[in-house]
Amino acid sequence: MKLNWFSPLPPAQTDIAHYTRRVLTTLSRHAEVTMWTDQKNWDRSIQELAEVKSYRVEQMPWRDLQRADASFFNIGNNPQFHGSIWQVSRQLGGVIVLHDFRLHHFFDGIYRAKLRDLNSYLEVMGKYYGDDGRRAAKACYQNDARNIDSMSERYPLTGLALENAHGVLVHTSDAFEALRQEQAWPLAYAPLPFPTNDRVITQPSEELDSKYRLVLFGYIGRNRRLSSVLQALAGLKQKDQFRLDVYGSILNDERDLRNQISSLNLKPQVTLHGFTAEAELDKALSRCDLAINLRYPTMGEASGSQLRIWAHGRASLVSRVGWYASLPQDVVAFVRTDENEIADIQSQLESFLAEPASFVAMGQRGRRELEAKHSPEAYATALVKIAEESLAFRPRAANLKLAERAAVSSAKWLSQKLADESYESVATKVLGLSKRS
């Protein structure tokens with residue numbers, strides 16, 4: 001089977017690029033894969049797994065693309081990495097891999113931040129959510145999207161990413177249940193994959209100092225709750241027993257973050273390392289005692305970060321929301337997302353100090369959860385299956401598209417006819433009145 005694969009590639013600063021490398025290691029044994037990218041630079045070693053071809057949205061090689069049996073489009077919430085992929089998917093039917101279920105942040109980034117196109121934003125919001133959606137969209141646009149989190153919760157705009165889908169693959173059971181009601185295309189649920197065979201569980205290193213080491217990593221925006229973590233740590237009587245290492249790009253104002261660290265007198269406890277290569281991140285996880293993987297609000301995503309933590313056999317603090325809330329109680333340490341968040345973080349850190357061995361056991365159970373449910377081989381099998389189903393669905397999709405176009409044309413014709421008739425009726429009445437007068 002021949003497959004097209006549209007995704008960000010390493011070294012793009014998104015975990016979906018790392019996910020693609022992990023997937024292709026296995027998928028390339030099941031299918032002939034061509035990766036498509038609009039990046040100017042990518043890690044050339046990935047070409048050992050599959051051929052890489054460049055594209056520009058304005059000059060797509062449609063004939064080459066149509067030689068494949070199916071195309072996969074990886075869609076997440078960052079327009080920088082997924083904007084062009086979505087544009088291609090609107091013209092070439094294929095399987096949409098939804099990395100985030102709520103995509104309002106993505107489309108806000110396209111229509112408001114990039115294109116400055118209020119009319120198109122209002123049009124799609126009106127299409128999916130009626131007059132209520134249009135009013136909310138206009139208010140959101142005018143206040144510079146300061147309420148974007150609540151907009152995403154109420155108006156996820158997921159359907160806009162699926163308009164030309166021949167199949168959909170999701171990574172959470174919640175997303176699967178929500179989309180199953182649509183019955184619009186082949187749908188598959190496959191837990192996010194992560195290999196374990198190249199990671200050996202090690203004990204935390206004591207070579208640095210005698211403090212317990214906390215690690216928080218990823219792409220650090222407001223939803224990663226770092227501010228709450230800092231407040232919790234600052235208010236902890238035993239804060240001197242911890243060291244917090246933060247790895248990853250700071251997506252908001254780094255200066256504000258450093259000011260907060262300083263104002264809370266946490267400089268001895270907290271180190272910001274910035275964006276870090278995978279190898280260095282793995283080294284940090286291998287020597288840490290506890291990971292922090294809070295995520296609120298959630299966009300309905302599964303967490304590659306959590307899988308990486310489990311691969312190292314480490315326990316972690318997670319927000320009790322979305323996919324995380326579905327995890328077994330004994331494989332993660334939960335933190336509530338309301339006003340109890342800071343108190344819960346402190347309580348979990350105190351529990352760790354009181355009984356570190358219980359958190360070691362938690363990390364080991366997490367590793368077993370990873371091995372049992374997140375097999376790359378099972379994921380590759382699911383990809384091939386949904387590709388086959390999308391291929392069979394293609395004729396039906398074409399008929400539905402023709403029917404939709406016919407309906408739109410008929411609606412326009414009928415609207416114009418009614419308008420013409422209304423005009424003639426008004427004119428007749430006016431002329432009649434004129435004659436009588």
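## Strands S8 and S9

In this predicted model, Phe217 stands opposite Tyr247 of strand S9. The two strands involved are S8, residues 212-217, and S9, residues 242-247. They pair in the parallel sense, over six bridges.

Helix H11 covers residues 278-287 and packs on the sheet. H11 touches S8 and S9. Its direction makes about 145° with that of S8.

S8 and S9 belong to an open sheet of six strands. The order is S10-S9-S8-S11-S12-S13, and the pairing is parallel. Which strands stand at the edges? They are S10 (270-274) and S13 (333-335). Each has a single partner strand, so one side of each is left without a neighbour in the sheet. From one strand to the next, the twist averages 25°.

A further helix, H14, spans residues 341-354. H14 lies across S8, S9, S11 (290-293), S12 (316-319) and S13. It runs at about 155° to S13.

## Two crossing helices

Now turn to another pair of elements. Helix H3 holds residues 79-89, and helix H4 holds residues 104-114. Their axes come within 10 Å and cross at roughly 80°. Angles of 65 to 115 degrees count as roughly perpendicular, and H3 and H4 are therefore roughly perpendicular to each other.

Which residues make the contact? H3 supplies Pro79, His82, Gly83 and Trp86. H4 supplies Phe106, Phe107, Gly109, Ile110 and Tyr111. Sorted by class, the contact of H3 with H4 has six nonpolar residues, three polar ones and no charged ones.

Note on methods. Residues numbered from 1 in each chain as written. Predicted model: local features only at pLDDT ≥ 70, side-chain atom pairs only at ≥ 80, totals over all residues. Heavy atoms only, no water. Pairing = 2+ DSSP bridges. Helix = DSSP H or I, 4+ residues; strand = E, 2+ residues; numbered from the N terminus. Axes fitted to C-alpha atoms, helices over the stretch in contact; angles between N-to-C directions. Contact = heavy atoms within 4.5 Å. Parallel < 35°, antiparallel > 145°, perpendicular 65-115°, else oblique. Nonpolar A, V, L, I, M, F, W, Y, C, P; charged D, E, K, R; others polar.
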